[in-house]
Amino acid sequence: MNCSATVQSYQSYFPSDYIYRGRFTPDGMTTIGRLPKPENGTQPDSDADSTTEPVERAKRGIKGISRHGRRDIRSGARIMQDERGKRCLSFFTGTLPTLPPEIHKIICESFYEVVRQFVQELRRLLVRKGLSPEVLGVIEIQTHRYKTYGIYAPHIHLILNTKHAPKQEWKVKPKELERLWENALSNVAGTAIKCPYGTKLQPIKKDIVRYLSKYLSKGNQGDYKDVPESYIPSAWHTMSRTLLDKIREQTIEFTGDFARCMFEMADVLQAMGLVVWHKSLEFVDNECYGVVLQFRSRDDFMRCLEIINAEFAP
């Protein structure tokens with residue numbers, strides 16, 4: 001299909017008295033919002049006299065990782081895969097062994113501290129091995145363990161760099177990770193803990209973002225509604241600061257005609273093969289005020305920008 005001809009023949013059908021703002025993140029996700037322009041420079045009425053009763057907020061963290069956190073994890077995973085290649089990365093899982101009830105409670109209530117200490121020592125190990133110290137991870141709670149044994153148990157999934165080249169052996173050995181995990185558990189519990197079957201290191205064979213998707217959705221369907229509040233971790237994910245900085249650097253904010261064209265042409269861009277999928281969000285009075293588009297890559301997003309600029313730039 002001739003992309004240029006498709007764009008040139010497209011006619012805008014939305015009113016022009018709107019403000020369009022968009023954001024592209026490294027995972028290829030692009031969101032665009034449409035807001036009415038304020039009249040005479042004023043902001044919309046905040047309805048200060050409203051007597052609506054306050055809505056009771058859900059228990060903190062009960063829905064699992066936040067939408068913003070999910071996007072950061074997807075973006076960070078995409079950057080790690082692009083920089084290192086998925087065959088140089090591995091998937092680590094750290095779980096809890098069967099423990100005395102009082103020790104189990106201590107670990108569950110301070111699980112993020114366990115993760116923090118483990119990640120700190122892991123990064124030091126990676127540096128000693130000449131590997132990238134960048135890691136990212138997601139915490140989830142094993143609800144099936146509760147259904148089977150009546151025990152809530154959090155665990156961590158991490159992506160890390162384990163070798164320099166795809167055909168090499170792991171530079172980081174499973175036994176080394178097992179020792180670091182046991183040390184972190186023991187430090188937080190205040191007593192020695194052994195868990196020879198509590199860790200697993202696996203090669204990554206699929207796209208990392210897709211690999212993580214099933215873990216990012218946990219909690220959204222009410223999975224954690226019965227979990228004791230003290231067992232909800234202080235954060236559901238962890239990420240190296242340098243990786244977070246790369247996400248911020250590679251995030252693109254855009255407004256104006258480009259945002260408007262992309263907002264209105266989401267279906268056309270998908271037909272052109274630049275967008276994998278798109279969906280409309282935030283309908284108000286049957287009007288769409290938000291669109292989400294999934295690009296395959298940053299290159300496809302930039303190609304879209306070039307096409308639109310070539311057709312509509314003065």
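Modeller: The model is predicted. I begin with helix α2, where His-68, Asp-72, Ser-75, Gly-76, Ile-79, Met-80 and Glu-83 are in contact with Leu-243, Leu-244, Lys-246, Ile-247, Arg-248 and Gln-250 of helix α8. Sorted by class, this contact of α2 with α8 holds five nonpolar, four polar and four charged residues. Helix α2 covers residues 67-84 and helix α8 covers residues 241-250; their axes come within 9 Å and cross at roughly 95°. An angle of 65 to 115 degrees counts as roughly perpendicular, so α2 is roughly perpendicular to α8.

Helix α2 also meets helix α7, which is made of residues 208-216; the axes of α2 and α7 come within 9 Å and cross at roughly 155°. Angles over 145 degrees count as roughly antiparallel, and α2 and α7 are therefore roughly antiparallel to each other. Their crossing is right-handed. On the α2 side the residues are Arg-70, Ile-73, Arg-74, Ala-77, Arg-78 and Gln-81, and they meet Ile-208, Val-209, Leu-212 and Leu-216 in α7. By class, the contact of α2 with α7 has six nonpolar, one polar and three charged residues. An α-helix has 3.6 residues a turn, so residues three or four places apart point the same way.

Another pair is helix α4, residues 111-128, and helix α6, residues 174-189, which pack at an angle of about 140° with their axes 9 Å apart. The two helices are therefore oblique to each other, and the crossing of α4 and α6 is right-handed. From α4 the contact takes in Phe-111, Glu-113, Val-114, Gln-117, Phe-118, Glu-121, Leu-122 and Leu-125, and from α6 it takes in Glu-176, Leu-177, Leu-180, Trp-181, Ala-184, Leu-185, Asn-187 and Val-188. By class, the contact of α4 with α6 has 11 nonpolar, two polar and three charged residues.

Just after α6 comes Gly-190, with a positive phi of about 80°.

Methods:
Residues numbered from 1 in each chain as written. Predicted model: local features only at pLDDT ≥ 70, side-chain atom pairs only at ≥ 80, totals over all residues. Heavy atoms only, no water. Axes fitted to C-alpha atoms, helices over the stretch in contact; angles between N-to-C directions. Helix = DSSP H or I, 4+ residues; strand = E, 2+ residues; numbered from the N terminus. Parallel < 35°, antiparallel > 145°, perpendicular 65-115°, else oblique. Left-handed = near helix turned anticlockwise from the far one by under 90°. Contact = heavy atoms within 4.5 Å. Nonpolar A, V, L, I, M, F, W, Y, C, P; charged D, E, K, R; others polar.
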